[in-house]
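I opened the model today to look up a few things and write them down. The entries follow in the order of my notes.

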Amino acid sequence: MNQGHVKLHCKIQEWEWYSTPYMFHLFMHIVMSANTENRNRGRRVVSRGQLLTTLNKLVEETGISKRSIRTCLERLRNTGEISIEPTKLYSVITVNNYNAYQIDDNCSDIKEQQEQTLLTPVVSPSVKKPRKKSEPKTIVSKAREVFEKYFLDTYQDVYYWTAKDAGQMKALLNKIRFRRESKKLPVEENDIIDALRMFLNSITDKWICQNFSVTNIASKYNEIVAQAKINQENGNVKTASNQEDSKRSRLEGAASIIKRLEEEEK
């Protein structure tokens, strides 16, 4: 176990992954587990700010699923927080800007540097830089946050978002907007996002719950809306039976997803 401590500036709350539990948990674990000084590991020198580890070890140490760790590591690498050097037996993870987390209390210049660089990732030329904070989020970005939070709360796992999902989410939002316009309901961004939340919570179909993805819910939009309407006609709120069926479908869906992922990892 490493000795010493790490320091975090309050600006960490502005970090794009701060509100994503698994992302924040894993990154903090890596920062706290990284070497505070150069060390020899067999024939290799693991430098300050580096962590020699394996996927299974990270699973054991954090309690996060293997699939979620893969997703989180890929995201942290893409946004420049870490670099990863894989080998046959292990991976060496480098915390970019590691010195920003190891500050001398008596060095005011370094403190000032931490405030300026803590949240500024070192991004290689081949990686697209994150969107600047001053730029407003698009409705698709807001919808993505809603969807990923729903997926995490429902399946206790991180959803692996792809470029295709962005296109499918845009199509889904257009369908929601069209339906609201036809009913002469408000169609401001916040109204569409609220409608998306209600749409996600209305999904009870067993197959969709077991194969939950942006593509599937977008393609099954009309069927999901029709089923929600039937449920509403049977009562303004779901009956206890419907709620239990929905809960059972989601649990079975989570079990199915986990089983499929475990088979893929073998």
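Predicted model: local features only at pLDDT ≥ 70, side-chain atom pairs only at ≥ 80, totals over all residues.

**Entry: Glu189 and its partner**

I next checked what Glu189 pairs with. Its salt-bridge partner is Lys142, and the closest N and O atoms of the two are 2.9 Å apart. Glu189 belongs to helix H7 (residues 189-201) and Lys142 to helix H5, so the bridge links distant parts of the chain, 47 residues apart.

**Entry: other salt bridges**

I then asked how many salt bridges the rule gives. The count is eight. I followed two more of them.

Arg75 and Glu148 meet through their side chains, with 3.0 Å from N to O. I located Arg75 in helix H3 (residues 66-78) and Glu148 in helix H5 (residues 139-155), so this pair ties together parts that are 73 residues apart in sequence. Are the two ends of this pair buried or exposed? Arg75 is at 10% relative accessibility and counts as buried. Glu148 has a relative accessible area of 16% and is buried. I also noted a network here: Arg75, Arg144 and Glu148 are joined by salt bridges that share partners.

The other pair is Arg44 with Glu85, whose closest N and O atoms are 2.8 Å apart. Arg44 sits in strand S2 (residues 44-46) and Glu85 in strand S4 (residues 82-86), so the bridge ties together parts 41 residues apart in sequence. I recorded Arg44 as partly exposed, with a relative accessible area of 22%. Glu85, at 37% relative accessibility, is partly exposed.

**Entry: helix H1 against helix H2**

I turned to helix packing. Helix H1 (residues 21-33) and helix H2 (residues 55-62) have axes that come within 11 Å and cross at roughly 105°. The two helices are therefore roughly perpendicular to each other. On the H1 side I listed His25, Leu26 and His29, and on the H2 side Leu58, Glu61 and Thr62. By class, this contact has two nonpolar, three polar and one charged residues.

I picked out His29, which lies in helix H1. Which residues does His29 touch once its neighbours within four places in sequence are left aside? I found Leu58, Glu61 and Thr62. His29 has a relative accessible area of 14%, so I put it down as buried.

**Entry: helix H6 against helix H7**

From H6 I wrote down Met169, Leu172, Leu173, Ile176, Arg177 and Arg180, and from H7 Asp191, Ile192, Ala195, Leu196 and Phe199, as the residues that make the contact. I sorted them by class: the contact of H6 with H7 has eight nonpolar, no polar and three charged residues.

**Entry: Ser213**

Where is Ser213 placed? I found it in the loop between helix H8 (206-210) and helix H9 (214-219). Ser213 is at 15% relative accessibility and counts as buried. Leaving aside neighbours within four places in sequence, I noted Phe147 and Tyr159 in contact with Ser213. The side chain of Ser213 also reaches the backbone nitrogen of Asn216, at 3.2 Å. I checked one C-alpha separation as well: Ser213 and Asp165 are 48 residues apart along the chain, and their C-alpha atoms are separated by 8.3 Å.

**Entry: whole chain**

I recorded 11 helices and five strands for the protein. Of its 266 residues, 35% count as buried. I also looked up the contacts between residues at least 6 apart in sequence, and 64% of them join residues at least 24 apart.

Note on methods:
Residues numbered from 1 in each chain as written. Heavy atoms only, no water. Axes fitted to C-alpha atoms, helices over the stretch in contact; angles between N-to-C directions. Helix = DSSP H or I, 4+ residues; strand = E, 2+ residues; numbered from the N terminus. Parallel < 35°, antiparallel > 145°, perpendicular 65-115°, else oblique. Contact = heavy atoms within 4.5 Å. Nonpolar A, V, L, I, M, F, W, Y, C, P; charged D, E, K, R; others polar. Buried < 20%, exposed > 50% of the residue type's maximum accessible area, 1.4 Å probe, protein only. Polar contact = N/O pair within 3.5 Å; in protein donor to acceptor, adjacent residues only side chain to side chain. Salt bridge = Lys/Arg side-chain N within 4 Å of Asp/Glu carboxyl O.
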